[in-house]
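Subject: Structure handover

Dear colleague,

Please find the structure below, with the sequence alongside. My notes on salt bridges, cores and helices follow it.

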Amino acid sequence: MATTYRRSNPLALALLSLLWEREMHPYEMATTLRERHKDESVKLNWGTLYTVVESLAKHGLIEAAGAERDGRRPERTPYRLTEAGLAELNDWLRELIAVPHKEYPRFEAGVSLLGILPPEEAARLLGQRAETLAGQAEGLRSVMADLRAQGLPALAWIELEYRVAMIEAEHRWVSGVVEGIEQHTIEGADWWRDWHARGAKPGQLPPFGPPDAQSEVD
């Protein structure tokens with residue numbers, strides 16, 4: 001009997017999608033995800049994968065389809081999708097595609113506190129991030145080129161196109177902030193630099209309030 005499944009781990013959705021294609025054992029699931037570069041968009045490790053498989057089976061979304069043995073290797077249990085699993089796959093996918101959800105990226109949390117760092121250091125760190133982002137985008141473009149060369153259509157790796165688009169958008173934004181800091185054009189730059197120049201310390205008013213509030217502590 002299927003029970004309500006908590007949709008918290010995208011790896012579970014990826015595994016359901018694999019079993020939508022055909023029966024597979026966990027090792028084959030992991031191998032297939034890596035071969036298709038799906039680990040670029042879904043966090044994958046062995047311990048988590050087996051835990052997710054067990055959870056899907058416990059909730060009646062997948063079921064064992066017998067067992068097989070390859071020579072002297074340990075017995076492997078292939079799994080197949082149940083009717084409840086097919087319904088969950090479709091409902092979960094529709095929700096992810098249609099309904100935006102608030103996420104809490106670590107970078108966004110850091111950016112929200114950027115003013116605590118001196119402007120020069122913030123610009124340097126953001127510059128490092130921009131270089132890393134450029135490298136990530138280039139690496140993904142290379143992966144997409146390889147997949148296209150193998151004859152796979154863009155639909156097979158459309159999530160990589162999305163990832164590149166997001167990386168490029170972040171790169172543009174980060175580069176713009178670096179330029180704004182270096183050219184003193186970012187709003188609040190004067191407060192920021194002056195605050196740190198006067199030896200910013202915990203307990204002092206940071207330069208994020210209105211100008212009249214800032215002047216009261218000068």
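Is R7 buried, partly exposed or exposed? R7 is partly exposed, and its relative accessible area comes to 32%. Please keep in mind that this is a predicted model.

Salt bridges

The structure contains 15 salt bridges. One of them joins R7 to E88, with 2.6 Å between the closest N and O atoms. This pair links distant parts of the chain, since E88 sits in helix α4 (residues 83-98) and R7 in the segment before α1 (10-21), 81 residues apart. The two partners fall into separate accessibility classes: E88 is buried at 12% relative accessibility, while R7, as said, is partly exposed.

A salt bridge is also formed between the side chains of R80 and E63, at 2.9 Å from N to O. Because R80 belongs to strand β2 (residues 79-81) and E63 to strand β1 (residues 62-64), the pair ties together parts that lie 17 residues apart in sequence. R80 is partly exposed at 35% relative accessibility, and E63 is likewise partly exposed at 35%.

E121 and R124 make a salt bridge within a helix, with an N to O distance of 3.9 Å. An α-helix has 3.6 residues a turn, so residues three or four places apart point the same way. E121 is partly exposed, with a relative accessible area of 29%, and R124 is partly exposed as well, at 45%. Elsewhere, salt bridges with shared partners join R7, E88 and E95 into one network.

Nonpolar cores

The largest nonpolar core has 25 residues, and the members that touch the most others are L11, L15, L16, M29, L56 and I62. At least two residues of this core come from each of α1, α2 (26-35), α3 (46-58), β2 and α4. The biggest contribution is that of α1, which gives 8 residues.

Which residues does I62 touch, leaving out those up to four places away in sequence? The partners of I62 are L16, L19, V53, L56, A57, Y79, R80, L81 and T82.

M144 lies in helix α6. Its relative accessibility is 11%, so M144 counts as buried. Apart from residues up to four places away in sequence, M144 touches W157, L160, E161 and V164. For M144 and E161, which are 17 residues apart along the chain, the C-alpha atoms are 8.0 Å from each other.

Helix α7 (residues 158-182) is made of 25 residues. From its first C-alpha to its last, α7 reaches 36 Å, close to the 36 Å expected at 1.5 Å a residue. Which residues of α7 are buried? They are E159, L160, V164, I167, V174, V177, V178, G180 and I181. Of these, L160 and V164 are among the contacts of M144. The cover over the buried residues of α7 includes α5 (106-111), α6 and α8 (189-197). After α7 comes H184, which has a positive phi near 60 degrees.

Helix α2

Together with W46 and Y50, Y27 makes a nonpolar surface patch of about 310 Å². T32 also lies in α2, but at 6% relative accessibility T32 counts as buried. Neighbours within four places in sequence aside, T32 is in contact with L18, R22 and M24.

Regards

Definitions and conventions
Residues are numbered from 1 along each chain as its sequence is written. This is a predicted model: local features need pLDDT of at least 70, side-chain atom pairs count only at pLDDT 80 or more; totals for chains, interfaces and linings use all residues. Side-chain values use heavy atoms; hydrogens and water are left out. A salt bridge is a side-chain nitrogen of Lys or Arg within 4 Å of a carboxyl oxygen of Asp or Glu. Helices (H or I, at least four residues) and strands (E, at least two) are DSSP runs, numbered from the N terminus. Buried means under 20% relative accessible area, exposed over 50%, partly exposed in between (1.4 Å probe, protein chains only). A nonpolar core is a set of buried Ala, Val, Leu, Ile, Met, Phe, Trp, Tyr and Cys residues joined through side-chain atoms within 4.5 Å. Contact means heavy atoms within 4.5 Å. Patches are made of residues with over 30% relative accessible area and no salt bridge: like charges are joined within 9 Å, nonpolar side chains (Val, Leu, Ile, Met, Phe, Trp, Tyr) within 5 Å. Accessible areas come from the Shrake-Rupley method with a 1.4 Å probe; for residues, only the protein chains shown count as cover. The expected span of a helix is 1.5 Å times one less than its number of residues.
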